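Please read them with the structure open.

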Amino acid sequence: MSAGADLPLLLALAALATAGTAAWAAVDVPELGALAAAQAGLDLATGLVVSGRGPRVAQVLGALLESVPVVLVGSAVRIPDRAVRRLRALMRRSGSVLLAQGGWPGAEVQLRRRCCLDWK
């Protein structure tokens with residue numbers, strides 16, 4: 001499944017997770033547009049979008065996870081295992097949620113959207 005196909009599921013989960021808290025951020029989710037986010041139920045006034053991965057993406061994610069309740073991450077973001085462990089510790093302390101498009105190392109839950117059009 002392409003990363004773009006995962007976007008509706010990612011946005012639906014983010015909208016549910018931000019209900020009541022409102023703040024959210026997205027890191028390197030190039031398919032994310034304002035219209036799609038708003039239609040999914042995300043409050044654009046409380047969102048932050050960071051484009052491009054850059055060499056310090058793990059530090060950017062860490063700063064966001066300490067201050068924003070819900071962080072979306074694009075499928076192209078890759079970080080070292082030790083940084084993943086540090087981010088998990090930050091999430092436990094802060095209560096924040098990381099929603100990754102595609103896979104994420106050490107994810108506690110993975111959801112996959114599956115569609116079957118075979119009507120036999």
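Between which strand and which helix does the loop with Asp28 lie?

1. This is a predicted model. Asp28 lies in the loop that runs between strand S1 (24–27) and helix H2 (34–40).

2. Asp28 has a relative accessible area of 9%. It counts as buried because that value is under the cut-off of 20%.

3. Leaving out residues up to four places away in sequence, Asp28 touches Val50, Gly52, Arg53, Gly74, Ala76 and Val77. One of these, Val50, belongs to strand S2 (47–50).

4. On the overall layout, the chain has 4 helices and 4 strands. Read from the N terminus, the elements follow the pattern α-β-α-β-α-β-α-β.

5. The 4 strands form an open sheet in the order S2-S1-S3-S4, and the pairing is parallel. Strands S2 (47–50) and S4 (97–100) are at the edges; each has a single partner strand, so one side of each has no neighbour in the sheet. From one strand to the next, the twist averages 15 degrees.

6. Strand S3 (residues 70–73) pairs with S4 in the parallel sense, over 4 bridges. Within this pair, Val71 is opposite Leu98 of S4.

7. For the chain as a whole, 34% of the 120 residues are buried. Of the contacts with a separation of 6 or more, 71% are between residues 24 or more positions apart.

Terms used:
Residues are numbered from 1 along each chain as its sequence is written. This is a predicted model: local features need pLDDT of at least 70, side-chain atom pairs count only at pLDDT 80 or more; totals for chains, interfaces and linings use all residues. Side-chain values use heavy atoms; hydrogens and water are left out. Helices (H or I, at least four residues) and strands (E, at least two) are DSSP runs, numbered from the N terminus. Buried means under 20% relative accessible area, exposed over 50%, partly exposed in between (1.4 Å probe, protein chains only). Contact means heavy atoms within 4.5 Å. Two strands pair if DSSP finds at least two bridges between them. Axes are lines fitted to C-alpha atoms, for helices over the stretch in contact, and angles run from 0 to 180 degrees between N-to-C directions.
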